[in-house]
Amino acid sequence: MIMVMQVNGNYDHSGTDYAERVKEKQATERAEQTKEAEKAAEGKSSGKLSQPQDEYISSEKSGKKPTGLYRVEQDGNGNRRIYFDDPKTAQEKAVHAEGREALKAKEDRSREGKNGKDPKVSGNSQGEPEEKCVANTDKVDREIKKLKEKKRQLEQQIQSASGDEKKIRELEKKLAQVENELSQKDNDTYRRQHASVSE
């Protein structure tokens, strides 16, 4: 048996054709992969994946303490209702109860004065008078008034000293110091801190 084959005499183009075919194949594979990745991303964003569902897991199996408990009870009208015991609310109630107890204990301690007698802090049903404190800010008000007067005098001196640049600079420095001191002292916080308290 004789077999006849036709062989192309030009061998150069066969090598380049193969390389080109491999490059084309790789490019199409990459394009297909990107299309698949885009489809998967679209599927995730459009919600085509299965939706998560609630599942009952007993606290014994999970090994965790329950986050809240449901119970069925009757309301004031005799109707059955489902109630939820929120652990956060229970903790807050416990904290508030502890706080109330601590506050009562503190009030009891504050009521005990020297020799176990109640101080006259507030009026009570036994007819004891209230103790009043008075905060006097007259001293602070006088100090602020003096600073304002000094500021006014310095402003007048600056206006009258026209022409003497050296004197004007000195007066402006003093004025800036007075204004700075005045801004620090002419407020309610400073008045409260420096008020004299009398009973």
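Arg-192 is found in helix H6, which covers residues 188-193 (helices, H or I of at least four residues, and strands, E of at least two, are DSSP runs numbered from the N terminus). The structure is a predicted model, in which local features need pLDDT of at least 70 and side-chain atom pairs count only at pLDDT 80 or more, while totals for chains, interfaces and linings use all residues. Residues are numbered from 1 along each chain as its sequence is written, and side-chain values use heavy atoms, with hydrogens and water left out.

**The chain as a whole**

- Six helices and four strands make up the elements of the chain, and their order, read from the N terminus, is α-α-β-β-α-β-α-α-α-β.
- Of the 199 residues in the chain, 9% are buried (under 20% relative accessible area, with exposed over 50% and partly exposed in between, for a 1.4 Å probe and protein chains only).
- Among the contacts with a separation of 6 or more, 39% are made by residues 24 or more positions apart (contact means heavy atoms within 4.5 Å).

**The pairing of H4 and H5**

- Helix H4 (residues 138-160) and helix H5 (residues 165-185) have axes that come within 9 Å and cross at roughly 155° (axes are lines fitted to C-alpha atoms, for helices over the stretch in contact, with angles from 0 to 180 degrees between N-to-C directions).
- The two helices, H4 and H5, are therefore roughly antiparallel to each other (angles over 145 degrees; under 35 is roughly parallel, 65 to 115 roughly perpendicular and the rest oblique).
- On the H4 side, the residues that meet H5 include Glu-143, Ile-144, Leu-147, Lys-148 and Lys-151, and the H5 residues that meet H4 include Ile-168, Leu-171, Leu-175, Glu-181 and Lys-185.
- The residues of this contact between H4 and H5 divide into nine nonpolar, one polar and 10 charged (Ala, Val, Leu, Ile, Met, Phe, Trp, Tyr, Cys and Pro are nonpolar, Asp, Glu, Lys and Arg charged, and the others, Gly among them, polar).

**Residues of H5**

- Lys-185 lies in helix H5 and counts as buried because its relative accessibility is 12%.
- The side chains of Lys-185 and Glu-143 are joined by a polar contact of 2.3 Å (a pair of N or O atoms within 3.5 Å; within protein, one must be able to donate a hydrogen and the other to accept it, and residues adjacent in sequence count only if both atoms are side-chain atoms).
- When residues up to four places away in sequence are not counted, Lys-185 touches Glu-143, Ile-144, Leu-147 and Tyr-190.
- Ser-183 is also placed in helix H5, where its side chain reaches the backbone oxygen of Asn-180 at 2.7 Å.
- Ser-183 and Ile-144 are 39 residues apart along the chain, and their C-alpha atoms are separated by 9.7 Å.
- Glu-181, another residue in helix H5, counts as partly exposed because its relative accessibility is 31%.

- Arg-192 is exposed, with a relative accessible area of 63%.
- Between Arg-192 and Ala-135, which are 57 residues apart in sequence, the C-alpha to C-alpha distance is 7.9 Å.
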